[in-house]
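Here is a brief report on one protein model.

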Amino acid sequence: MPIITDISQAVVLLKEGGIVAIPTETVYGLGGDALNIQAVAKIFAAKNRPSFDPLIVHVSSIEQAHSIAYLNEQAIFLLEKFSPGPLTLVLPKKSVVPDLVTSGHPTVAIRIPNHPVAIELLKQSGLCIAAPSANPFGYTSPTTAKHVEDFLGSRIDAVLDGGACDIGIESTIIDLSGITPKVLRLGGLPYEQLTEVLGELPFQMSSSKPNAPGMLTSHYNPGIPLRLFKSYSELLSEFNTTDTDRIGLLYSGKEIKASFAINLSKEKVLVEVASKLFHALRSFDKADIDVIWAHELPEVGLGRAINDRLRRAES
Ligand code: TXA
Ligand code: MG
């Protein structure tokens with residue numbers, strides 16, 4: 001499987017019904033023509049993804065979104081305000097969208113990615129591109145072309161390299177198909193930015209029988225047990241009681257010494273923490289440690305979405 005940088009080569013592969021990993025500002029997606037059932041089936045097979053877990057469809061504009069979904073005023077308002085960007089909307093689907101894409105749901109998830117390569121690919125191809133995160137089911141999402149190659153190298157037609165993803169965690173998902181909007185997933189668009197325009201929103205992020213089924217609790221399992229700590233005094237008491245374990249430490253702030261420690265952001269800048277999170281979790285897999293201790297962040301801004309990913313890795 002080649003890593004490519006030529007967008008027109010990716011266009012050809014996608015138009016032939018191939019599957020190509022694509023960069024977005026959140027994480028890499030595994031893309032295929034959303035209206036081509038064979039291509040969509042290949043995405044599920046390559047990821048080993050259960051067919052009950054629907055895909056996000058990427059479009060380049062609000063106009064293109066109209067071709068696959070029924071957009072109400074609120075949807076148009078949110079897309080105009082936050083797109084292109086890390087926001088996915090669940091809307092009633094139009095009949096052109098294959099049931100396989102939506103796992104039989106009457107709704108489709110749409111997103112306009114804020115990445116020049118992704119937008120150029122969407123425009124050049126004219127396709128709506130279905131793309132779940134480009135990881136095998138149950139693993140962390142990839143944030144570089146190399147991660148995708150490590151994960152799915154032999155199973156896909158190409159990776160379009162667009163550099164490391166700026167945001168590093170997946171998009172925020174809002175369900176607009178019901179009477180009131182609901183948060184299905186916390187992600188790259190901070191919750192507070194949504195509440196500023198929509199008011200407080202109900203959450204529907206249950207972990208076992210989810211409405212966004214990809215949000216299963218084990219979804220971000222890094223392969224080594226992960227525990228969360230809230231304060232350094234809590235961590236220190238753990239250090240004393242678990243001294244047989246080799247500890248990996250995932251934190252931000254002032255330097256701490258441990259046998260294997262990753263400081264995600266010395267200045268505790270949340271965007272920096274998010275962008276490094278999945279890469280850090282992956283590097284723990286290769287380290288010689290028994291347990292990861294990860295520092296919970298304050299529940300504000302991107303901190304909410306980061307904590308959500310850590311809690312899923314914990315369970
Ligand atoms: O940032 C992102 O959203 C990345 C990039 C590639 O765009 N994509 C991504 O896709 O994270 P994925 O498949 O890993 O997560 C999509 C989530 C899943 O939890 C899925 O269940 C939910 O979206 N979803 C998709 N269609 C849905 C629908 N019609 N109703 C409810 N949830 C839906
Ligand atoms: Mg995913």
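How far apart are the mean positions of the positive and negative charges of the protein?

## Basis and charge

The model is predicted: local features need pLDDT of at least 70, side-chain atom pairs count only at pLDDT 80 or more, and totals for chains, interfaces and linings use all residues. Side-chain values use heavy atoms, without hydrogens and water, and residues are numbered from 1 along each chain as its sequence is written.

The mean positions of the 28 positive and 34 negative charges lie 2 Å apart. Lys and Arg count as positive, Asp and Glu as negative; His and the chain ends are not counted. Each charge is placed at NZ of Lys, CZ of Arg, CG of Asp or CD of Glu.

## Overall dimensions

The C-alpha trace spans about 60 × 45 × 35 Å along its principal axes. Of the 315 residues, 57% are buried, meaning under 20% relative accessible area with a 1.4 Å probe, protein chains only.

Contacts are heavy atoms within 4.5 Å. Among those with a separation of 6 or more, 66% join residues 24 or more positions apart.

## Strands and sheet

The protein has 11 helices and 14 strands. These are DSSP runs, numbered from the N terminus: helices are H or I with at least four residues, strands E with at least two.

An open, mixed sheet holds 10 strands, ordered β1-β8-β2-β3-β7-β4-β6-β5-β9-β10. β1 (3-4) and β10 (182-185) are at the edges with a single partner strand each, so one side of each has no neighbour in the sheet. Pairing requires at least two DSSP bridges. β2 (residues 20-22) and β3 (residues 29-33) are antiparallel, with three bridges. Here I22 stands opposite G29 in β3.

Definitions and conventions:
Chains lettered and ligands numbered in written order. Buried < 20%, exposed > 50% of the residue type's maximum accessible area, 1.4 Å probe, protein only.
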